[in-house]
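Subject: Structure handover

Hello,

Here is the structure you asked about. Please open it before you read on; my notes follow below.

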Amino acid sequence: MRNEVLVIGAGPAGIASAYYLEKAGLPYRVVERESIPASTWAGVYPSLQLNTAGFVSHLPGMRMPLRLGIFPMGKDYYGYILKYLQKHKFNIDYGVEVKRVTPEGDGWCVETTHGSDVYRAVIIASGRYGNPYIPNIPGMKQFSGRILHAHDFHAPEDFDGQRVLLVGSGPSAADIAVALGDHAANPVYLSVRSDILLARKYPYGLPNTAWQILLKPLPERWRKRLLNKLVYQGYRDAKELGLKFAPNREDRVGTSAPVRGHELVDAIRAGTIKTVDGLARFEGRCAVLENGTSLEVDTVIFGTGYRPVLNFLDFPYALDDDGWHIRIERKTYQVEGLDGLYLVGWFYRGLGPLRNVRVEAQTVIESIKHLW
Ligand SMILES: Cc1cc2nc3c(=O)[nH]c(=O)nc-3n(C[C@H](O)[C@H](O)[C@H](O)COP(=O)(O)OP(=O)(O)OC[C@H]3O[C@@H](n4cnc5c(N)ncnc54)[C@H](O)[C@@H]3O)c2cc1C
């Protein structure tokens, strides 16, 4: 058995884990399948902006510079990660992919593209949002245009003059539709099946994250009500547009993350984006909507979310209440009932996943200490 903790993945969660492992003086090794760290952030589209404030979304021990703004751009966040890694010389092996993890004796046998070893403790930091997800739409294979996921959208110029349909009701679909306004043929169609939850970035002049922190001492029920009123009250002029905007967080149908800011409303008003019904099927070069409308398009971009990367776990494990995530013990972040197997990068609630990974990583390393 190797006298090391193995961390799978060098995204923010794996990097935060490495920080606390170093601090605790525990031997460890991070393996990352790509040749670079935090690959999710390396290729984000130019207009991607963090939807959580920079002052809570930093890695442990090094705040993001104020000059990056309250909501830093995704590419600046990536630059910050690279600086962080220059400062901390973590033990990361790039280009090593974990293929299979199975229980073996008191530990975990980890098979990688560079051989297998048994570890007493393994931290899975392979990303809850690491697998771009595209739903299976009838006729998809026969569609003669191009289909891609938001994850593979890098530059709006690549779509100059094209007729584009965005599918999804979250920030990726909305952001990309806005970004394409000056490039693709107008209007860019935004297909929304359920609804879009609009959130203000600066309710009453303060970033929404600041309100979350300020209202924290209040009892849960009051805090939720107030936050809903402040952050998710939408925009009056959006309601006038009569689109599928959710009235507030409580009464919404959809589940995707909120779309923050007024840019989408502006673009709809300007006519560069047109929201349309949910996508039902493809026919030849056309996307056919749930209301029967047929749109001839060149490219369809799915902003339909991500699934976790857990395909290497080759043993039975309990699913959580959503039915598709692994069940985790909240106090230790250990996978339920599986000694020595932990997860970091899993919880979305509160101030956001980038802030949560600091708490999760610190808690996991505290839980692991007793094994050494
Ligand atoms: C477009 C987008 C925008 C987001 N914006 C925000 C935001 O503003 N604020 C916020 O709080 N959160 C945000 N999130 C959510 C979340 O914070 C990020 O997804 C974040 O990158 C999660 O970090 P992670 O380390 O858990 O996963 P990832 O960043 O996905 O990193 C996982 C790493 O594991 C590696 N890996 C995967 N499988 C293996 C394997 N088998 N072997 C070896 N390595 C492997 C991957 O290559 C990757 O580098 C966003 C997510 C996305 C997709």
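Which residue in β6 is the bridge partner of Trp108? It is Tyr119.

Some ground rules come next. This is a predicted model: local features need pLDDT of at least 70, side-chain atom pairs count only at pLDDT 80 or more, and totals for chains, interfaces and linings use all residues. Residues are numbered from 1 along each chain as its sequence is written. Helices (H or I, at least four residues) and strands (E, at least two) are DSSP runs, numbered from the N terminus. Two strands pair if DSSP finds at least two bridges between them.

**Hairpins**

Start with strand β4 (residues 98–104) and strand β5 (residues 107–112). They run antiparallel and are joined by 6 bridges. Val101 has Val110 in β5 as its bridge partner. The two strands form a hairpin with 2 residues between them. In that turn, Gly105 has a positive phi of about 55°.

β5 also pairs with β6, again in the antiparallel sense, over 5 bridges. A hairpin of 2 residues links β5 to β6.

**An open sheet**

Next, look at β14, β15 and β16. These 3 strands form an open sheet in the order β14-β15-β16, with antiparallel pairing. β14 (279–283) and β16 (294–296) are the edge strands, and each pairs on one side only. From one strand to the next, the twist averages 25°. (Axes are lines fitted to C-alpha atoms, for helices over the stretch in contact, and angles run from 0 to 180 degrees between N-to-C directions.) β14 is joined to strand β15 (residues 286–289) by 4 bridges. Glu283 stands opposite Cys286 in β15.

**Helix α9**

Helix α9 covers residues 353–369, which makes 17 residues. The expected span of a helix is 1.5 Å times one less than its number of residues. For α9 that gives 24 Å, and the end C-alpha atoms are 24 Å apart, so the two agree.

Several α9 residues are buried, including Leu354, Val357, Ala361, Val364 and Ile368. A residue is buried if 20 or more other C-beta atoms lie within 10 Å of its own, exposed if 12 or fewer, and partly exposed in between; C-beta atoms are placed from the backbone. An α-helix has 3.6 residues a turn, so residues three or four places apart point the same way. What covers the buried residues of α9 includes β1 (2–8), α1 (12–24), β6 (115–124) and β19 (341–343). Contact here means C-beta atoms within 7 Å.

**Around the ligand**

The shell around the ligand has 34 residues. A residue counts as near if its C-beta atom lies within 6 Å. Gly9, Gly11, Gly127, Gly345 and Gly352 come nearest. The elements that give two or more residues to the shell are α1, β2 (28–32), α2 (39–42) and α9. α1 gives the most, with 3 residues.

The peptide bond from Asn186 to Pro187 is cis, with omega near -5°. Pro187 sits in the loop between α4 (171–180) and β10 (188–191).

Ala38 is not a glycine, yet it has a positive phi of about 40°. It lies in the loop between β2 and α2. Is Ala38 buried or exposed? Ala38 counts as buried, because it has 24 C-beta neighbours inside 10 Å.

Tyr204 also has a positive phi, near 50°. Its loop runs between β11 (198–199) and α5 (208–214). Tyr204 is exposed, because 7 other C-beta atoms lie within 10 Å.

Best wishes

Terms used
Contact = placed C-beta atoms within 7 Å.
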